[in-house]
Amino acid sequence: MKRYLRSAGQRTVRRGTAEATVRIGGILALPAVLRSLGANPAKVLAEAGFDLKLFDDPDNPVSYAARGHLLAHCVARTGCEHLGLLIGQQGGLYSLGLVCLLLKYSPDVGTALSSLVRYLHLHVRGAATTLAADDDVAMLSYEIHQPRVEATDQLGDGAVALMFNIMRALCGPEWKPVEVRFAHRKPKDVGAFRRFFWAPLHFDAEQNALVFSADWLGRRLPATDPELRHLLQKQIDALAVRHSDDFVDKVRSVLRTALVTGYGKAGQVAALFSMHSRTLNRRLNALGTGFQELVDESRFEIARQMLVDSAMEVSQIAALLDYANASAFTRAFRRWSGTTPAQWRAKRRHAA
């Protein structure tokens, strides 16, 4: 598949940048889902340090890390391993705030999805959506960039379900994915996933993604209004300027997807910013870091997430991250963490 990486913005907690945040609207259904599972929402949320009143306004912000911690706590309290899926399947276009209208009034599905990719950071910071397409197949994926986040499997499930509902809203109920991918190990019970998606499921995947026929990208949307779209575009562009990231964060925001899709070389990443690799390194060096440092940082985050969430062998993770062999990956992981990947995974599983 020919890939076109268009990544939404991202902030991390490093080097004094603002902590990644998300609108609570993305998990607005959590209290109702907890009730459906027989739990007391106010009590469960309070145990995790949250007030139920936070859910009164979908625009209330919460840190990406705190949201992950909350979902991990709710999974532990309810015993529901597909909690994220239940929350995500209650969302839709309306979950995206102002960006929802920009998608709705796009001329076609491809333009709408490009806007989703470009402006997701106004809704969620700490993650990115990408769109890849060739003549036959398209893939809409969701990647978490914020480091040390709990419940990444739940966050990924919720995002995939939300993207599924967005595609249905844009294309109609006849739209169906060719495959649905999840970047975590296969759950013991996949019944809830099968009932919701009605499509082939692929677990232990490199990305959380929907794969579908590229023909849908050209589908015209009925609510086209060029004048209204122009006004919305101006408003959202103004918001994007106020929320613009520095250059280091922009590079971080594309590296996760670039690495797992084989586009992580300096020249390839530099091309995404329309510059030469020497210029990319020069700008990063001037900002106190380097390209290889950011690559290692991203590789470490990807490796840890794969070791926790997936059942992939160490050799498979090594290949995914473009290491020559498992030994080279193990040496790098030991340098980052002080232990081997196998020991780190075993310790995390024992702690769980």
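A salt bridge is a side-chain nitrogen of Lys or Arg within 4 Å of a carboxyl oxygen of Asp or Glu. In this predicted model, local features need pLDDT of at least 70 and side-chain atom pairs count only at pLDDT 80 or more, while totals for chains, interfaces and linings use all residues. Residues are numbered from 1 along each chain as its sequence is written, and side-chain values use heavy atoms, with hydrogens and water left out.

By the salt-bridge rule, the count comes to seven. One of them joins the side chains of Lys265 and Asp322, at 3.1 Å from N to O. Lys265 sits in the loop between H10 and helix H11 (266-272) and Asp322 in the loop between H14 and H15, so this pair ties together parts that are 57 residues apart in sequence. Helices here are DSSP runs of H or I with at least four residues, and strands are runs of E with at least two, numbered from the N terminus.

Another salt bridge pairs Arg252 with Glu297, whose closest N and O atoms are 2.6 Å apart. Arg252 belongs to helix H10 (residues 247-260) and Glu297 to helix H13, 45 residues apart. How accessible is Arg252? Its relative accessibility is 4%, so Arg252 counts as buried (buried means under 20% relative accessible area, exposed over 50%, partly exposed in between, with a 1.4 Å probe and protein chains only). Glu297 is buried as well, at 17%, whereas Asp322 is partly exposed, at 46%.

## A buried aspartate

Asp108 lies in the loop between helix H5 (98-104) and helix H6 (109-119). Asp108 is buried yet has no salt bridge; the nearest side chain of opposite charge, Arg220, is 4.1 Å away. For charge, Lys and Arg count as positive and Asp and Glu as negative, while His and the chain ends are not counted.

A polar atom of the Asp108 side chain lies 2.7 Å from the backbone nitrogen of Thr111. Beyond its neighbours within four places in sequence, Asp108 is in contact (heavy atoms within 4.5 Å) with residues including Leu217, Gly218 and Arg220.

## How confident is the model?

The predictor's confidence in each residue is called pLDDT and runs from 0 to 100. The protein chain averages 84, and 86% of the residues score at least 70. Over residues 1-18, pLDDT stays under 50. Where pLDDT is low, the predicted coordinates should not be read in detail.

How values were computed. Polar contact = N/O pair within 3.5 Å; in protein donor to acceptor, adjacent residues only side chain to side chain.
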